[in-house]
Amino acid sequence: MIATTATGIEALTAEYLARLADKTPRSHALRREAEPVLSGGVSSHFKAWQPFYVAEAHGSHLTDVDGNDYVDLVMGFGPNSLGHSPRVVMDAVREQLDHGTSLAIGTPLEVELAQTIARLVPSMEQMRFVVSGTEATLMALRTARAFTGRTRVARFEGHYHGQHDAALASVAHVAGPEDRPEPVADGAGIPRAVLDDVVVLPWNDIDQVAPVVREHAADLAAVILEPVPFSNIGGVEPDPEFLRALRELTGQYGTLLVFDEVITGFRLGLGGAAAHFGVRPDLHVFGKAVGGGLPVGVFGGRRDVMEAVVRPKPNDPHAHERIFQSGTFSGAPPAMAAGIAMLRELERTDAIEVADVRAEAIRSGWRDILGDLGLPVQVTGISSWLGIAFTDRPIRTRRDALTADAAVARTFSLGLLAGGVYLAPSHPGFTSAAHTGDDAQRVLDASAGVLERIEAASR
C-alpha cells in the first residue's frame, strides 16, 4: 500500500469531490431524484461510486448531463470494442428494428452469428445464445453437470463469472490458506448449500491446483476460469504453461474445462484466449464484445456435449436427461444484427490492434510517470485493457490484488473524473478502436496531475 497519511489523502479526496460537485450539479441533482426509486440511484453496484449520469456517448467520449466531455476508459465494461455508437453497428440495428425486435422464434441472423463465431473460434462447435455473461456461465455449468453426472464445480479465487449464486463465491473476498482456499460468499443471500458444491482453487500455480482437483475429481463436473482474470486481478496473464497443464489435468479426470471469455473474447484477438494460448477448452462462454454493445451472451463448445444434454429431445423440452434453457430475449434480432456487424468489422479492419496500441501507450505512460515519482504502484493489463493497483506487491493472484489501497484508488479515479477522464475505481479499464493518440495523451496528462498530488500526500 502507498504510505499516504489519512489526513493527506482524505483532504485530497474532499477537494476532488468538491470540484466534481461544482462541475456536475445536474448529476448530483439527478442522483437525489433517483435514489427514492432506484436502489443507490443506479442499476448496478459498480455505477454507484459517484453521482455521474451520462447523456450521450460517441467514439471514445462520454458527455454527461451537465455537458462535460470525458475520455472513457470504461467503455461499458468492455462491449464497445469499436467505440460508442459505431456507425456500422448502429446502421445494422436500425435496419433490423423495422423488421421486429423479440420474435420468440429463430431467425437467419441467429444462424449467421453462430456460424461466424464457430469459424473464428473452432472449439465453439455448437452454441446457444442467451442475454448476458451471467446467464451464459450459469448455463455452461449446468451443461457440465448434466454431461458428467457430477455435482461440484471448481473456480479460481478472484475470477469473476457473473452474479448467479454459484458464481459469487471467493470473487472479491478470500478465505482459508493460500494454497487451499475455502469458499466464501461474495454478499448476502447465497445459501451455504451452494458454497458446499463449489471448490475454490489457487490461481496460477499448477502444483497447488493439481492435488485439489485430484481430491475432488470423482464429483467434479467442471473447472471454470477467466483465462486472463480481469475484474479482480487486473488483467494479468497466467504463467505460460499453467493453462496447458490445467487442460491436461482436467482431461485426465473427465472434468470439463470452461473458458469464461466474456472479457477476452474478440478482444484478445479474433480467436480469443483459446487461440492466444493454444489451449482448447471443452466449453466456452462469450459476452460483451460479441453483442456489439447490445445484451448478448453465448455458451457452447464441444459438439458431443451440446448434442447430448442441450439439444432438446423431440416433443419433450423438459426431458430429464437434457438441461432446460430458454429465454424471451435469447437470440433477439437487433442483438444478433449488432453482433454480426461488430465481428465483421473486427475482421475487416485493424480495430483490435489499434485498441491494443492505445492501451499500451497509456500503460507505458503510467509506468513512466510512476517511475519518475517513485510511487510503488503496479500497472497491469494486456491487449486493450489496463489497470493500476496502488500496492508495491506484484499482482499474480487475488490475494496480491487485495494489498492495494482502495482509498487511494478511489482518489485517483475521482481526480481523473475531475480532469475529464472516466475510469472507475477498483475495476480495470478498456480502450477501443475509437481511442486516438490525443485521447491517450489526455489520459496521461490528467493522470500525471493526480499522481503528483497523491505522491505529495504520501510525504
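Mentor: Start with Asp196 and Arg192, which both lie in helix H6 (residues 192-196), four residues apart, about one turn of the helix. Helices (H or I, at least four residues) and strands (E, at least two) are DSSP runs, numbered from the N terminus. This is a predicted model, where local features need pLDDT of at least 70, side-chain atom pairs count only at pLDDT 80 or more, and totals for chains, interfaces and linings use all residues. Residues are numbered from 1 along each chain as its sequence is written, and side-chain values use heavy atoms, with hydrogens and water left out.

Trainee: What do Asp196 and Arg192 form, and how far apart are the closest N and O atoms?

Mentor: They form a salt bridge, with the closest N and O atoms 3.1 Å apart. The term means a side-chain nitrogen of Lys or Arg within 4 Å of a carboxyl oxygen of Asp or Glu.

Trainee: How many salt bridges does a search of the whole structure find?

Mentor: The search finds 21.

Trainee: Which residue does Arg396 form a salt bridge with?

Mentor: Asp239, the closest N and O atoms being 2.8 Å apart. Arg396 is in the loop between strand E12 (385-389) and helix H13 (398-401), and Asp239 is in the loop between strand E7 (220-225) and helix H8 (242-252), so the pair ties together parts 157 residues apart in sequence. Arg396 is partly exposed at 35%, and Asp239 is partly exposed at 34%.

Trainee: Which residues are linked in a network?

Mentor: Salt bridges link Arg247, Asp282, Arg302 and Asp304 in a network.

Trainee: New topic: strand E5. How many of its residues are buried?

Mentor: Five of the five residues in E5 (residues 152-156) are buried. Arg152, Ala154 and Phe156 point one way, while Val153 and Arg155 point the other way.

Trainee: Which way does E7 run relative to E5, parallel or antiparallel?

Mentor: Parallel, with four bridges joining E5 to E7. Two strands pair if DSSP finds at least two bridges between them. E5 also pairs with strand E6 (residues 198-201) in the parallel sense, over four bridges.

Trainee: What stands opposite Val153 in E7?

Mentor: Ala222 does. In E6, Val198 stands opposite Val153.

Methods:
Buried < 20%, exposed > 50% of the residue type's maximum accessible area, 1.4 Å probe, protein only.
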